[in-house]
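Hi,

Here is the structure I promised to pass on. My notes on it follow below.

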Amino acid sequence: MTAARDPERPALALFAAELRAARGHAGLSREDLAVKLNYSSSLVAMIETERRTPSRDFAARCDEVFDTPGTFSRLEERLRDLPYPASFRPFAVHEAEAASLRWYEHALVPGLLQTEAYARAVLSTRPNTAEDVVEELVAARLARQTVLDRKNPPLLWILIDEAVLHREAGNSEVMRGQLAHLAGMSHRPNITIQVVPYTAGPHSGLLGAFVIADLDDSPSVVYLETAAEGETLEDSATVARVALSFDSLRSKALPDGASRDLIMKVAEERWT
């Protein structure tokens, strides 16, 4: 097995390649390996195809099954060193491969639509975070945005509370540039941005932000922002409840054209 010797390959690809190679060398099917690991064969398949991030327990069990002390555990550690919050890493794969993303934010501009200056202003508020680490986090966030420039980009449906337009990050120049960027991106045929106005009053979206990733070859996945850390959830009941919340919020939102007008109005009047 040589995949782990290539330091240029992404950590998730390394783990997946090592797992495929080890399974093939052992003559095991995915179903056989799933039984030995006490995990589902669908999870094994998703990890092998880089659609899920392995847990620490999964990696340790791989080392036991293949008698490779520390190999998979070290690769899993590399995944935990990626410049994403640990709670977001499992969802990052789904975001990158989604056919569509339904996203609601009540406090900040969604990460896929943040400018570099806005992202830096937001990420620099993280407690006890060195400047070089902040720059790594900014680079990682901007790298995620390449999904919008791929040949077949996902359909991106964004709902933001009006408060997002008024919450200062950085300074007036940063905010003006960020809102102009939002308005510009809303012209793309695959991107819809709608604002839930203050006139909608209290609503369920004030409880927290969320993203629904709709995938071509597997059920939808949800990422929930929480007070402690984010959660990636796949059970159908939770996905259905969150999808219902999205539809409810969408019914309260301004149409896309009126939303764009409001975004530019706030940029010109509030942040000039």
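First, a term: a crossing is left-handed if the near helix is turned anticlockwise from the far one by less than a right angle, and right-handed if clockwise. By that rule, α7 passes α8 in a right-handed crossing. Helices here are DSSP runs of H or I with at least four residues, strands are runs of E with at least two, and both are numbered from the N terminus.

Before going further: this is a predicted model, where local features need pLDDT of at least 70 and side-chain atom pairs count only at 80 or more, while totals for chains, interfaces and linings use all residues. Residues are numbered from 1 along each chain as its sequence is written, and side-chain values use heavy atoms, leaving out hydrogens and water.

Back to the pair. The axes (lines fitted to C-alpha atoms over the stretch in contact, with angles from 0 to 180 degrees between N-to-C directions) of α7 (residues 116-123) and α8 (residues 131-144) come within 9 Å and cross at roughly 135 degrees. That makes α7 oblique to α8, oblique being whatever is left after under 35 degrees (roughly parallel), over 145 (roughly antiparallel) and 65 to 115 (roughly perpendicular). Contact means heavy atoms within 4.5 Å; α7 brings E116, A119, R120, V122 and L123, and α8 brings V134, E135, L137, V138, R141 and L142.

As for the whole chain, there are 12 helices and 6 strands. Its C-alpha trace spans about 65 × 40 × 35 Å along the principal axes. Of the contacts with a separation of 6 or more, 69% join residues 24 or more positions apart.

Cheers
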